[in-house]
Amino acid sequence: MPKSLISSVPVLMYHHISPVDGAHTVSPDMFHKHLSILRERDIRILSIDEFSCWREGKLDIRQPSVLLTFDDAWLDNWVYAFPILQEFQANAIFFVVTSWPGDGKVRDHLLQEEAWEPKSHTVSMELAGTGRGDEVSMRWSELIAARDTGLVGIGCHSNTHGRWWNEGSSWAENLVGLKNDLEASRRAMKDKIGVCPIHWCWPKGLFSNRAFELASEYGFTSQFSTLRGSNSAGRKKLVRRFGVENKPPTWLEKRISVYGDPLLGGALGLIHQQLQGGRMAKRFKFASPGEFEFPLFKLI
Ligand SMILES: [Zn+2]
């Protein structure tokens with residue numbers, strides 16, 4: 001009896017994998033446990049290409065599956081997460097803020113010689129935002145080395161981590177800021193890794209209908225949000241995710257079972273996008289409320 005087709009793939013969102021406690025951080029030990037439970041439960045970890053092919057209807061999936069995503073491509077992903085991904089031969093996609101990585105050589109995973117101290121999310125953001133990205137972000141050479149193992153895909157997480165949305169004196173000016181960022185991101189990707197990916201991740205999860213369309217026009221036809229919910233097969237461009245917390249595997253299993261259920265995950269997704277849409281509308285200066293109305297979110 002063949003297994004039936006999978007109708008939803010939960011997408012997991014990690015940021016830091018680090019022994020330093022704090023926001024957006026899962027400890028290396030807990031991350032190891034997360035991958036262990038996925039293996040024990042026979043849950044497949046898709047590559048970004050498999051996920052894309054499934055979404056486009058070009059690949060049938062019959063085994064419960066997930067996608068692992070890492071936002072910001074922090075150096076701790078290279079030091080702690082990547083060796084664990086290798087141990088499990090697990091796929092993932094790293095989303096890079098293109099103005100942050102340095103150009104130096106590949107650093108040792110353990111960084112013993114350089115006596116590197118992992119940094120909290122707050123400190124990492126401060127350093128990256130003040131021109132010291134090389135101290136806290138993966139380098140281009142490291143991203144390429146990770147990609148070349150075949151385990152890691154590279155996606156784009158903007159050029160500046162989203163300062164564009166409030167910097168102009170009108171909505172039109174803010175959109176010009178976004179265009180500039182999209183162009184700079186594309187250029188950096190082509191320069192540094194030779195190709196611009198189609199996968200875009202919205203910084204801080206903030207976007208609007210027009211922002212979504214603009215990113216699509218710039219070739220980012222697969223856009224990762226922080227809207228929770230299920231992801232069904234089909235040509236939808238918006239990917240829904242849930243943030244993984246530093247909690248035991250039982251916590252993770254429950255979320256995977258909820259967002260793997262298209263009905264339950266879909267319903268929770270609709271509620272969450274109502275709440276998030278209201279929050280986004282407050283964060284964007286000058287945008288009309290229509291930018292955050294939901295019928296369009298349903299279509300994308
Ligand atoms: Zn981010």
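Asp181 is buried, with 24 other C-beta atoms within 10 Å; a residue is called buried if 20 or more other C-beta atoms lie within 10 Å of its own, exposed if 12 or fewer, and partly exposed in between, the C-beta atoms being placed from the backbone. The structure is a predicted model, in which local features need pLDDT of at least 70 and side-chain atom pairs count only at pLDDT 80 or more, while totals for chains, interfaces and linings use all residues. Residues are numbered from 1 along each chain as its sequence is written.

Asp181 has its place in helix α7, where helices (H or I, at least four residues) and strands (E, at least two) are DSSP runs, numbered from the N terminus. Leaving aside neighbours within four places in sequence, Asp181 is in contact with Ser158, Asn159, Thr160 and Trp164, contact meaning that the C-beta atoms of two residues, placed from the backbone, lie within 7 Å. The C-alpha atoms of Asp181 and Val195, which are 14 residues apart along the chain, are separated by 17 Å.

## Two residues with positive phi

Ser158, one of the residues in contact with Asp181, has a positive phi of about 80° although it is not a glycine. Ser158 lies in the loop between β7 (152-156) and α7, and it counts as buried, with 24 C-beta neighbours inside 10 Å.

Asp42 also has a positive phi, of about 60°, and is likewise not a glycine. Asp42 lies in the loop between α1 (28-40) and β4 (44-45), and is exposed, with 8 other C-beta atoms within 10 Å.

## Packing of α7 on α8

Helix α7 (residues 171-193) and helix α8 (residues 209-217) pack at an angle of about 30°, with their axes 10 Å apart; axes are lines fitted to C-alpha atoms, for helices over the stretch in contact, and angles run from 0 to 180 degrees between N-to-C directions. The two helices, α7 and α8, are therefore roughly parallel to each other, given that angles under 35 degrees count as roughly parallel, over 145 as roughly antiparallel, 65 to 115 as roughly perpendicular and the rest as oblique.

The contact is made by Leu175, Leu178, Lys179 and Leu182 of α7 and by Arg210, Ala211, Leu214 and Ala215 of α8. These residues divide into six nonpolar, no polar and two charged, where Ala, Val, Leu, Ile, Met, Phe, Trp, Tyr, Cys and Pro count as nonpolar, Asp, Glu, Lys and Arg as charged, and the others, Gly among them, as polar.

## Packing of α1 on α3

The helices α1 and α3 pack at an angle of about 25°, with their axes 10 Å apart, which makes α1 roughly parallel to α3. Here the contact is made by Pro28, Phe31, His32, Leu35 and Arg39 of α1 together with Tyr80, Ala81, Ile84 and Phe88 of α3, and the residues divide into seven nonpolar, one polar and one charged.

## The nonpolar core

The largest nonpolar core has 66 residues, and those with the most contacts inside it are Leu12 and Phe94; such a core is a set of buried Ala, Val, Leu, Ile, Met, Phe, Trp, Tyr and Cys residues joined through C-beta atoms within 7 Å. Helix α3 (residues 75-88) gives the most to this core, with seven residues. Not counting residues up to four places away in sequence, Leu12 touches Val66, Leu67, Leu68, Thr69, Arg241, Phe242 and Val244.
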